[in-house]
Amino acid sequence: MIAKYSLRAITRTPWPRALSAMLAATLAVLIDSVVRSSDYRDLLRLLHTAGLMNFLVPLALAFLQVAALFYLIILLPRILRALVILVSVLVVIVQFSYWLTLSQFMTGTDLLLALTVSGENRADAITSFFQPLVLLYALPYILVLSSLMLAPAAGPFASTFRKTFALSLLPAFFLVSSNYALFLYVPERSFHLNPLTSFVRLTIHYGLENLGAYHGPRDGLPPFQHSKRPSDSIIYVIDESVRGSSLSLNGYPRPTTPFLQSLEKQGRLNNLGICVAAGSFSHISNAYLISGHNEFPDNAYRTDRNPTIFDYAKKMGYETIYIDVNQGYLPKLLKAAGDGPVRSLDRWMNEQWFEDRRIDLETRMDPAIARIVSSLLNERGGYFIVVNKKGLHFHYSYRYPDDRANTIWRPVMGASEPIDTSAAGREKLVNTYDNGIRFQVDEFFRVLVSETTNRNYVILYTSDHGQTLSEHGQVYTHMKPDRVIVDVPDFLVSGERYERKDLLAGIPQGIRVSHLNNFATLLDLMDVPASLRVRPYDKSIFSLSGDDSPRYYMSGSLHGTGDYVVKTVPALSHAAWTISKTFVNRTKPE
Ligand SMILES: [Zn+2]
């Protein structure tokens with residue numbers, strides 16, 4: 001009855017649609033303050049630091065954005081309105097999935113990742129993010145959105161098109177211009193009053209970020225004539241989601257990497273200990289690893305401007321190959337190359353490349369990649385190969401064969417099972433992860449080392465980032481600036497006939513490495529003269545000393561245009577950080 005009267009009251013006002021939009025917006029914002037009350041408490045804290053005007057203006061802008069968006073939806077004829085509302089409901093569900101997992105709505109960086117990561121990782125992310133609880137949180141918003149159907153329509157669309165268009169201009173202009181103001185002056189994560197307007201905001205933010213991006217060619221290297229193809233091969237393996245302290249090589253109590261330890265005993269593995277990854281997710285780390293950039297964030301677009309590691313390898317006479325089964329960084333290099341080849345890259349092999357040649361990669365399994373690298377090395381020397389491995393992207397149970405031999409630690413998580421933060425759930429999570437390390441890391445190296453007969457090679461190994469393994473109840477695996485997320489392995493493995501063993505013997509004791517040291521390390525391994533090195537790269541492991549620290553890393557927007565944080569791992573190694581404390585019992589295989 002009340003609804004009927006209030007509806008009648010609304011339709012009798014001179015601006016029935018504007019009033020409906022305002023009412024719905026007020027309701028939506030009230031609901032939001034209840035559903036996400038913790039975020040609002042944080043928002044209030046901002047009041048003290050930002051000052052009253054700096055607080056009220058963005059708050060008012062954000063509220064008016066909700067009203068403007070609802071008004072635009074109401075302007076649509078009913079069928080179109082129903083369609084837009086349906087899409088909006090999906091957006092609300094996605095936004096709440098992010099919020100429940102990462103305690104924040106999506107950011108421009110999340111959108112970038114959603115648009116650039118491989119289909120399989122995207123599907124894995126969706127299944128790891130989605131929880132039925134989302135629907136409960138989304139329900140009040142869905143009801144408010146549905147109420148927009150009740151607002152009076154403008155009449156037959158064709159006859160009122162011009163009028164509708166005219167009416168939509170002002171709110172549309174307001175949405176774009178107010179978001180531009182927020183882009184310039186307000187941190188991306190603040191003042192979100194509604195999941196839908198937040199989505200509009202991040203989309204505009206992403207567009208603006210792209211407008212300012214660097215799209216030109218990379219810097220070149222000075223002229224240099226290398227006389228002949230080198231006889232050694234250098235392999236740079238960048239793993240996916242492998243946490244350094246989960247390797248028994250680094251002191252983890254379970255034997256997750258017995259083969260690597262046997263190599264170390266034979267003096268063929270130089271372990272550099274726990275390394276600090278450049279970033280909390282693949283995109284950042286790969287950008288730094290491939291370009292050698294060493295400042296955070298990258299607001300000068302140096303990761304897009306610097307010569308790549310392939311440029312140096314090519315200059316030194318190596319045949320360059322990029323094996324990318326994880327779509328780590330290759331899509332970005334390809335995009336920058338347009339229709340042409342990627343500069344200095346002789347061959348790139350991705351999943352499609354293998355599929356076209358009917359080479360079975362045993363999807364998601366890395367030992368198959370080891371076999372391919374081995375067969376290349378056995379052909380001849382002089383290769384420089386970068387491998388973006390499949391590694392241990394969540395869900396971990398996909399990353400090793402589902403059989404008795406490879407399920408060493410039990411119980412394990414089922415396929416597509418979400419992260420459960422209870423003690424029992426965490427035990428399964430860690431068991432599954434450890435089985436994955438044993439197969440994707442240790443077995444990978446066993447195959448690579450034992451099947452390579454041409455033994456004049458060196459491998460530099462690291463991972464793009466680590467994993468949380470939920471020790472503080474995190475339901476996210478990475479993407480946030482938690483210190484465990486930048487805990488990655490870093491070591492060198494050399495073949496018995498590697499011709500530059502003297503160089504490896506000179507690695508100083510007690511050094512603490514970060515991803516930033518890897519670039520110059522590779523340059524040293526390639527014997528690149530100082531005159532060729534065009535950027536002030538961080539030191540290589542061969543010239544580091546024990547007191548070279550602190551080590552930096554970042555999370556969030558790579559180019560510093562949205563929300564980002566830059567953090568450090570203190571100079572002296574952090575005891576609680578170097579060795580994983582994730583599991584307490586069941587150290588013995590069953
Ligand atoms: Zn990654």
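Reader: Where does proline 411 sit?
Author: Proline 411 is in the loop between β5 and α18. This is a predicted model, by the way.

Reader: What kind of peptide bond joins arginine 410 and proline 411?
Author: A cis one. Omega is about -5 degrees.

Reader: And the bond from phenylalanine 394 to histidine 395, cis or trans?
Author: That bond is cis, with omega near 5 degrees. Histidine 395 is in the loop between β5 (383-388) and α18.

Reader: OK, α18. How do the axes of α11 and α18 cross?
Author: At roughly 50 degrees. The axes of α11 (residues 258-265) and α18 (residues 423-451) come within 7 Å.

Reader: Now α2 and α8. At what angle do their axes cross?
Author: Roughly 175 degrees, and the axes come within 10 Å. So α2 is roughly antiparallel to α8. Helix α2 covers residues 16-35, and α8 covers residues 133-147.

Reader: Which residues of α2 meet α8?
Author: Ala24, Leu27, Ala28, Ile31 and Val35. They meet Tyr137, Pro140, Tyr141, Val144 and Ser147 in α8. The contact of α2 with α8 has nine nonpolar residues, one polar and no charged.

Reader: Switching topic. How is the chain divided?
Author: Into domain 1 (2-211) and domain 2 (233-578). Their C-alpha centres lie 39 Å apart. The contact takes 19 residues from domain 1 and 19 residues from domain 2.

Reader: Which helices supply at least two residues each on the domain 1 side?
Author: α5 (78-102), α6 (108-116), α7 (119-129) and α10 (195-211). The residues on the side of domain 1 that touches domain 2 divide into 11 polar, four nonpolar and four charged.

Reader: What about arginine 497, where is it found?
Author: In the loop between β7 (487-494) and α19 (501-505).

Reader: Why is arginine 497 called partly exposed rather than buried?
Author: Because arginine 497 has 13 other C-beta atoms within 10 Å, and a buried residue needs 20 or more. Exposed would be 12 or fewer.

Reader: What is arginine 497 in contact with?
Author: Arg455 and Asn456, leaving aside neighbours within four places in sequence. The C-alpha atoms of arginine 497 and aspartate 232 are separated by 9.1 Å. Those two residues are 265 apart along the chain.

Reader: Is β8 mostly covered or mostly open?
Author: Mostly covered. Five of its six residues are buried.

Notes: Residues are numbered from 1 along each chain as its sequence is written. This is a predicted model: local features need pLDDT of at least 70, side-chain atom pairs count only at pLDDT 80 or more; totals for chains, interfaces and linings use all residues. Axes are lines fitted to C-alpha atoms, for helices over the stretch in contact, and angles run from 0 to 180 degrees between N-to-C directions. Helices (H or I, at least four residues) and strands (E, at least two) are DSSP runs, numbered from the N terminus. Domain bounds come from an automatic or database domain assignment. Two residues are in contact if their C-beta atoms, placed from the backbone, lie within 7 Å. Ala, Val, Leu, Ile, Met, Phe, Trp, Tyr, Cys and Pro count as nonpolar, Asp, Glu, Lys and Arg as charged, and the others, Gly among them, as polar. Angles under 35 degrees count as roughly parallel, over 145 as roughly antiparallel, 65 to 115 as roughly perpendicular and the rest as oblique.
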